[in-house]
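Me: Could you take a close look at one part of this model for me, and then show how the packing around it is laid out?

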Amino acid sequence: MAVVDLPLSFHQGIYHTLEAAVARATGPLGLVIIFVYSFLIAFVLPLPSEVVLATPLRLGLPYAVEIAIIMVVSGTGKACGSVLAFALGHQAKQSGPVIGLLRRSRFDVVAWSERRTVELARKYGYIGLAMALSVPFFPDTLSIYAFSVLEEDYLKFAAATFVGSVGRLLVTVALLGGAAAIV
């Protein structure tokens, strides 16, 4: 079976469509969209998770409550997606060709992750994963895979991903709130 190499514009179109769906999602269906988006960015999409904060849920609840619900749903989606990434990472760890392919790629993913993300994992364990995922505006798919290769406990991995994801959204809200206060 031949692998079809899709043009970059196709991938960008999918990314834009997903981000637009999140930005327009309302009501309970909006929560489902946030969950699915967060699930996908945990293991396959290099997209920013902060987009979920722009979702106009319109559930009739105070704004702070809706933001809290968005954070919990997004964190849960990312934690579930990270479990899939965890399983895929463990399979890749067993595959010499996968690591070889990553090393030969244009962007040396393995070398980069060994210098940055893996260093956090070795030094701080699951707390390191949560810290790495708390950094706003950085696609965290790579961090999740890097940690999945090193760690062994699915439940602790998912919990750290949840904490880091919610932490990231809290940091983003604090940064945006501080920026709004300055303006």
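Reply: Happy to! Let's begin with Val171, which sits in helix H9 (helices, H or I with at least four residues, are DSSP runs numbered from the N terminus, as are strands, E with at least two). This is a predicted model, with residues numbered from 1 along each chain as its sequence is written, and local features need pLDDT of at least 70. Side-chain atom pairs count only at pLDDT 80 or more, while totals for chains, interfaces and linings use all residues, and side-chain values use heavy atoms, leaving out hydrogens and water.

Val171 is partly exposed, at 35% relative accessible area (buried is under 20%, exposed over 50%, partly exposed in between, with a 1.4 Å probe and protein chains only). Together with Phe137, Leu175 and Leu176, Val171 forms a nonpolar surface patch of about 390 Å² accessible area. Such patches take residues with over 30% relative accessible area and no salt bridge, joining nonpolar side chains within 5 Å and like charges within 9 Å; a salt bridge puts a Lys or Arg side-chain nitrogen within 4 Å of an Asp or Glu carboxyl oxygen. The areas are Shrake-Rupley values with a 1.4 Å probe.

The largest nonpolar core has 16 residues, and Ile34, Tyr37, Val52, Ile70 and Met71 have the most contacts inside it (a core joins buried Ala, Val, Leu, Ile, Met, Phe, Trp, Tyr and Cys through side-chain atoms within 4.5 Å). Helices H2 (27-43), H3 (63-93) and H9 (154-182) each give two or more residues to this core, with H3 giving the most, four. Buried residues of H2 include Ile34, Tyr37 and Phe43.
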